[in-house]
Amino acid sequence: MLPIVLKGREANDPGIITDGNMALALRNELPVWFQLNTTWTLLYSTFLHGYSFNTLLERASKYKSATVLAVKTTKGKILGGFASSPWEANGQFHGTGEWYD
């Protein structure tokens, strides 16, 4: 499978998905149709954008494609999610019901 190019990340950003190898490992767990993506674009980072859910939502809702969300807790645990449809702030839940494990 082709390598993943990470766009928008600064070299000194201590983010969660820090290199193509980590992205490749994660990609293998995502839906098959999403695995064809070879470029991932950073939409939000607390390092670059501060600690604001509103900023995360604003930036993510401008991106009209599937997204991966990775979160590192204060105890160092990493968790995340996959949204197959674009984010939108409308006060209701929506999506396709697609999931992976």
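Predicted model: local features only at pLDDT ≥ 70, side-chain atom pairs only at ≥ 80, totals over all residues.
**View A. The hairpin of β3 and β4.** Strand β3 (residues 67-72) runs antiparallel to strand β4 (residues 78-83), and 6 bridges join them. Strands here are DSSP runs of E with at least two residues, helices are runs of H or I with at least four, and both are numbered from the N terminus; two strands pair if DSSP finds at least two bridges between them.

**View B. An aromatic cluster of Trp33, Phe34, Trp40 and Phe82.** Rings of Phe, Tyr and Trp (its six-membered ring) pair if their centres lie within 6.5 Å; planes under 30 degrees apart count as stacked, over 60 as edge-to-face and the rest as tilted. By this rule there are 4 aromatic pairs. One of them joins tryptophan 33 and phenylalanine 34, with centres 5.9 Å apart and planes at 90°, so this pair is edge-to-face. Phenylalanine 34 is buried at 5% relative accessibility, while tryptophan 33 is partly exposed at 44% (buried is under 20% relative accessible area, exposed over 50%, partly exposed in between, with a 1.4 Å probe and protein chains only).

**View C. Tryptophan 40 in strand β2 (residues 39-41).** Tryptophan 40 is buried, at a relative accessible area of 11%. Leaving aside neighbours within four places in sequence, tryptophan 40 has contacts (heavy atoms within 4.5 Å) with residues including Ile4, Leu6, Ile17, Leu26 and Phe34.

**View D. Histidine 49 in helix α2.** With 24% relative accessibility, histidine 49 is partly exposed. Not counting residues up to four places away in sequence, histidine 49 touches Leu43, Tyr44, Thr55 and Arg59. The C-alpha atoms of histidine 49 and arginine 59 are 9.8 Å apart, with the two residues 10 apart along the chain.

**View E. The lining of the largest pocket.** In all, 34 residues line the largest pocket, with Leu42, Tyr44, Val68, Leu69 and Ala70 nearest its centre. Strand β3 gives the largest share of this lining, 6 residues. At least two lining residues each come from β1 (5-7), β2, α2 (46-49), α3 (53-61) and β3.

Notes. Residues numbered from 1 in each chain as written. Heavy atoms only, no water. 1 Å grid on protein atoms, 1.4 Å probe; cavity = no way out; pocket = protein on both sides within 12 Å on 5 of 7 lines; lining within 4 Å.
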